[in-house]
Structure formats: structure tokens, C-alpha cells
2 protein chains.
Amino acid sequence: MSNAEEQTGPPTAGTLAHRVPDLGALELLLAVARLGSLGGAARELGITQPAASSRIRSMERQLGVALVDRSPRGSKLTDAGALVTDWARRIVEAAEAFDVGAQALRDRRDSRLRVAASMTIAEYLLPGWLLALRAQRPDTAVSLHAGNSTVVAERLLSDEADLGFVEGLTVPTGLDSVVIAHDRLIVVTAPGHAWSRRRRPLEASELAKTPLLLREKGSGTRQVLDAALGGLARPLIELSSTTAVKAAAVSGAGPAVLSELAVGEELAMRRLVSVPVEGVALARDLRAVWPTGHRPTGPARDLLSLTRG
Amino acid sequence: MSNAEEQTGPPTAGTLAHRVPDLGALELLLAVARLGSLGGAARELGITQPAASSRIRSMERQLGVALVDRSPRGSKLTDAGALVTDWARRIVEAAEAFDVGAQALRDRRDSRLRVAASMTIAEYLLPGWLLALRAQRPDTAVSLHAGNSTVVAERLLSDEADLGFVEGLTVPTGLDSVVIAHDRLIVVTAPGHAWSRRRRPLEASELAKTPLLLREKGSGTRQVLDAALGGLARPLIELSSTTAVKAAAVSGAGPAVLSELAVGEELAMRRLVSVPVEGVALARDLRAVWPTGHRPTGPARDLLSLTRG
DNA sequence: ATTACTCATAAACCCAGCTTATGTCGCCAT
DNA sequence: ATGGCGACATAAGCTGGGTTTATGAGTAAT
């Protein structure tokens with residue numbers, strides 16, 4: 001069926017999944033890189049040596065690049081293979097974060113550590129913490145519930161969660177807290193936007209009177225911004241997730257105000273540029289919270305200690 | 001075969017690839033999130049609606065979490081689904097970087113822009129640049145060759161490359177250059193290490209007399225460190241790739257000296273901690289280079305302009 | 001030479017995901 | 001109300017990529 005139209009060959013054909021090897025193959029490549037042997041890597045992943053051999057070969061065919069130098073006494077990465085392996089590692093690391101997060105979403109019932117966290121924290125910080133926790137306490141089953149500050153407080157107070165994380169300006173009553181990190185909201189635009197070429201920092205008043213891409217009212221981010229500007233933030237569009245705001249900003253729809261955490265990668269890749277602002281307090285604390293008096297112990301304490309640094 | 005021993009169920013069974021949906025499924029999920037419709041997402045990816053439906057369903061089964069709320073007039077993400085989608089986006093973005101990099105490694109011949117870059121730059125910076133370039137000039141075929149400064153210079157001077165990137169202390173003769181970014185070498189250890197709890201910055205002399213995890217002699221990183229310490233860096237082990245050094249450091253083998261670029265993620269995830277150092281100049285410039293006189297034009301100029309910010 | 005590694009090849013199998021063909025539900029316009 | 005149109009679900013059959021088992025072939029060290 002799909003032979004007729006794409007007779008030109010595979011350079012830029014099909015979707016991402018067709019051009020990028022699947023996770024199994026990438027894991028295998030990492031194992032080969034580490035162990036210096038196809039057979040060894042196969043053993044580690046619990047498959048047979050011919051399976052590994054064939055899989056690496058088909059990955060090389062797919063990419064059009066030789067990845068490993070085979071010899072009768074082992075396999076070593078090609079120069080190109082080393083580069084590909086490093087890029088592959090990023091994918092696998094993202095997959096590990098996904099995995100640990102998804103597991104926490106599922107466990108729900110019988111978990112020893114029940115965490116409630118705000119969206120931004122759950123999205124950007126928690127997977128890393130959970131990976132670290134798994135590394136030092138492999139058998140701690142964690143469950144995660146994401147929601148705004150109010151929800152986090154409710155779950156803690158009704159003993160549905162052992163430890164919470166919030167990002168608001170105030171700590172809900174009935175909870176003790178400790179600051180674990182700082183976050184700043186920053187103004188970002190697509191690289192083409194006029195603001196991206198500004199010399200002088202933006203004035204608060206300019207920011208207040210310019211229509212912005214914003215999260216809906218009620219989100220932690222929006223609260224902080226409204227407070228900083230005196231309730232004056234003017235929406236160009238209101239979107240329902242950080243991600244939607246980012247996407248709109250990247251596509252040039254206008255300037256957006258987002259957590260530093262959320263746009264780190266986009267800034268590094270220059271899909272967005274940061275616009276300096278002066279005269280506005282856009283910093284906010286990220287806090288771990290727990291019911292007043294009930295200092296975290298056991299697994300909750302372990303996790304908490306990972307989040308401070 | 002593998003049924004007998006793992007009758008406990010899927011909580012933490014199998015390898016990563018068994019617990020994480022494949023790229024196709026993740027792309028599909030992102031499309032569903034964006035379009036608010038299974039059928040629409042299916043159309044966008046060039047598959048049929050039942051295929052999309054079944055794939056999302058099996059992803060939900062695999063993760064043990066409901067991801068989308070289906071209704072006769074569209075599909076919307078669950079709360080958990082929104083979180084999963086955000087984590088999925090990270091994987092897909094890493095895959096895009098992989099893809100654009102791998103394509104550049106292959107093209108070789110008929111490409112309009114031939115780039116030669118040092119390992120660190122090719123590893124961490126180039127994929128982002130290439131994605132940005134593809135976004136604004138979709139039909140620029142790029143080929144990439146990675147090697148040390150000497151190799152980059154050779155390729156430029158023999159007209160095998162149009163634009164180069166180097167990270168050494170000096171610019172090879174015969175080349176013009178412009179600084180595009182700054183990098184620092186930093187001292188890192190696993191979180192457990194004694195140095196990770198230091199109050200006062202490390203003295204250069206302490207660093208020089210402590211055995212370190214290092215790249216082999218001849219690497220750009222090693223050169224800068226040796227120069228900064230006066231040729232005195234003392235190896236605990238010499239490893240052949242940045243990655244190997246990182247892995248050793250993470251596993252607690254000892255302190256390592258690595259590019260800031262290389263350890264950004266590990267620091268963010270607290271798999272490594274940075275140890276402040278004083279009295280040593282560990283900064284270095286990253287430069288774009290080209291044959292003296294031949295100012296970059298066309299695609300090379302496009303790429304160059306993306307790298308400055 | 002024998003042994004012990006390595007990787008490659010060949011044939012048979014199995015399952016995940018695809019398509020085509022249909023069914024069901026809710027909304028909207030006539 | 002009643003078609004019609006959108007959405008998603010279900011069922012049956014096909015295909016291909018990845019697997020295993022079983023072998024072959026090269027190198028190195030004993």
C-alpha cells in the first residue's frame with residue numbers, strides 16, 4: 001500500500017516513530033555501549049544474542065549509519081555511534097522519568113508514600129525526585145495525586161496524602177511547610193517577537209497593559225502574576241494548561257508569563273526567549289507541606305530530604 | 001516462557017520498553033491532547049480512527065490509568081492524562097532531537113550545509129540548533145561530522161565542511177571565529193561524597209592533588225583543566241567519553257570535572273552536585289569557526305545566527 | 001588443536017498494531 | 001420527531017518486526 005508513493009526513499013519519510021528506533025532498541029544500544037558486547041547486552045536485557053544482533057543491525061539500517069564496530073572479540077561504538085548513543089540516552093532518561101511518574105499515578109492504594117503536588121511541581125520536579133528516591137530506596141511504592149493548593153491541603157488534612165508540594169504565595173492553614181526551592185515567573189516570547197530584541201528591561205506598567213497568553217484564573221501561576229501586577233494582568237487568550245500556553249508562545253501568538261521551570265528547555269533550544277522585566281516581584285517559593293505537627297517520617301522524610309539541595 | 005516467574009503482575013515487571021508506551025503511542029497522545037479528538041489525531045498521523053482508539057486504550061491498560069475522557073462529541077484529557085501527556089512530551093522532544101541529529105549524521109553527500117563540530121557541542125547543542133533551523137528553513141539538508149578541533153579545522157580547510165564549532169582554548173590557524181556561547185568546567189560528585197557537603201569553596205591546590213575522574217588526554221575538556229591547573233590534573237581513572245565519566249561520577253566513583261553543558265540535567269535531578277572551586281579559570285568559549293576570509297553565507301549563515309542569543 | 005569467546009545467518013513462530021466493515025450514541029438541523 | 005453527521009467502540013482478518021532455536025564461522029589464548 002505505502003510503497004507506491006514513497007519510492008524516493010527514507011530520508012524524511014513517515015512519522016517520528018518511523019525514523020527513531022523504539023525504546024527497546026535504544027536501551028539495547030546503551031547496554032552495548034556500556035558492556036562492549038552484543039551478547040552481553042542481550043544477556044542483560046533478557047533476550048538472545050541473535051535478537052540483539054538483528055535489532056542493532058536493523059537500527060543501523062533505519063538510521064543509515066554504522067553504529068558499532070563488530071569484531072570477533074567484542075563490539076565498540078563507531079564515532080557516529082557514540083553520538084547517537086548520547087542522544088539516545090536523553091530519550092531513555094525521559095522515558096525513565098515518564099515511567100516512575102506513571103507508576104506513581106497508578107499505585108493509588110497500597111503505597112507507602114502518598115504524595116499530593118501542584119501541577120507544575122508534579123510535571124517538572126517530581127519525576128526527578130522519584131527517580132532519586134527509587135535509586136536509594138528501591139522498594140518504596142509511591143502514589144501521586146496532582147491538584148492545586150486547595151486540593152493538596154484537603155488530601156493532607158483528610159489523611160489521603162503523607163506529603164504535599166505547593167507553589168502558591170501562601171501556605172494553606174493547618175499545614176506546616178518548608179521552602180524547598182525558588183521559582184520565578186518570566187516573560188517569554190517567540191524569537192521573532194519585537195520584545196525579544198529589546199535592550200532595556202520591560203516596565204511593570206508595560207507588562208500590565210499588554211495582552212498576554214495566560215493560564216486560566218485560579219492557577220498558581222496566574223495568582224502570582226495578578227498579585228505582582230495588582231490584579232491587572234490582561235489576557236490575550238486564557239489557556240487551560242502550561243503546555244498550551246507554551247505552545248501558543250512558541251508559535252508566536254504573543255508574549256506569555258510562565259514558570260522558569262516550565263520553559264527551561266525551550267530557552268535552551270531557543271524556541272523561546274526570555275524578556276527581562278523590572279519592578280515586579282515574580283519570584284515565588286516552592287514548598288513542601290504537611291499537617292501541622294505531623295513532621296514527615298519514614299519514606300516522606302526520605303523524599304523530603306531529596307528535594308533540598 | 002516468561003510467564004511462569006512473573007505471575008505477580010505488571011507493577012514493576014520487564015524492562016523500560018515494556019512499561020513505557022512506544023513513540024507512536026506517545027505522539028498519538030499528544031495529537032489527541034492538541035486536537036481534542038481521537039479521530040482527528042488519527043487523521044493527522046495517517047492512521048484510521050479504530051487504530052487510534054485501540055492504541056490509546058492499550059496505552060491506558062499498560063499504564064493502569066485512564067488518560068482521556070471519551071464522549072460522543074470529542075475526547076478530553078483526564079487530570080492524570082494531562083500529566084502523562086506532559087511527561088510524554090519530554091520523550092517526544094528528545095526523540096525529535098535524536099531524529100534531526102541522526103539525519104545529519106547520515107546525509108553526508110548531497111547536503112547543502114556541512115557542519116563539523118566538537119563532541120560536546122555536537123552532543124548537547126547542535127540538535128537544538130538543527131531543530132530551530134529546520135523550523136525556519138525546512139528544506140535545508142544538513143550533514144554533521146564530529147571530531148576534535150584539529151579534525152574540524154582540517155575539514156573546513158579542505159572544503160569538506162562549511163561551518164565548524166570548537167571548544168578549545170585556541171582557534172586553529174587559518175580559521176576565523178566568533179564566540180557563540182560560554183561554558184564552564186565544574187567539579188561534580190555524587191550527592192553522598194564528602195565534597196558535596198563542603199561549606200567553603202575548594203582550593204585549586206586541593207583539586208590538583210586529588211585523583212579525579214577524567215576524559216583521556218587530548219580531549220578538549222582535559223586540555224582546559226590541565227591548563228588551568230598547570231598540567232597537574234591527577235587521574236583516578238581515565239575514561240573515553242563524557243558519558244562514561246558522568247556515569248562513574250553518578251555511581252560515586254569519585255569527583256569529576258565536566259562541562260556545565262554535560263551535567264545540566266544530572267544537577268537538576270540531583271544525581272550529581274556541583275562543588276564550588278576558587279582560584280581556577282575553568283571557563284572556556286565555544287566558537288563557530290570558518291576558513292579565514294570565507295564569511296559564512298546561505299545556510300551556514302542561517303545556522304550561525306541561530307547559535308547566538 | 002582444543003576451547004571459549006565473539007558475531008552472523010536461517011527458518012519458524014507469535015503477537016502488536018493495522019485496516020476494513022460495522023454498530024452505537026449524542027447533538028443539531030430541518 | 002427524524003434524518004444526518006460527528007464522535008467513539010467492536011469484530012475479524014492480515015501483516016511484519018522481533019523473537020527463539022539451531023547452526024556456522026572467525027579470533028585468541030591455552
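**Reading the DNA contacts**

Guide: Start with one atom pair: an N or O atom in the side chain of Gln49(B) is 3.2 Å from a base nitrogen of DNA strand D. This is a predicted model, where local features need pLDDT of at least 70, side-chain atom pairs count only at pLDDT 80 or more, and totals for chains, interfaces and linings use all residues. Residues are numbered from 1 along each chain as its sequence is written, chains are lettered from A and ligands numbered from 1 in the order in which they are written, and side-chain values use heavy atoms, with hydrogens and water left out.

Visitor: What is a polar contact?

Guide: A polar contact is a pair of N or O atoms within 3.5 Å; within protein, one must be able to donate a hydrogen and the other to accept it, and residues adjacent in sequence count only if both atoms are side-chain atoms. On DNA strand D, a phosphate oxygen is 2.5 Å from an N or O atom in the side chain of Thr48(A). A polar backbone atom of Pro72(B) is 3.2 Å from a sugar or linking oxygen of DNA strand D.

Visitor: Which residues come nearest to DNA strand D?

Guide: A residue is near a strand if one of its heavy atoms lies within 4 Å of it. Around DNA strand D there are 23 residues, and Thr48(A), Leu38(B), Ser53(B), Arg57(B) and Arg70(B) come nearest. Of the atoms of DNA strand D within 4 Å of the protein, 70% belong to sugar and phosphate.

Visitor: Which element gives the most to the surface near DNA strand D?

Guide: Helices (H or I, at least four residues) and strands (E, at least two) are DSSP runs, numbered from the N terminus. Helix 4 of chain A gives the most here, with five residues.

Visitor: Now DNA strand C. Which phosphate contact does Leu38(A) make?

Guide: A polar backbone atom of Leu38(A) is 2.6 Å from a phosphate oxygen of DNA strand C.
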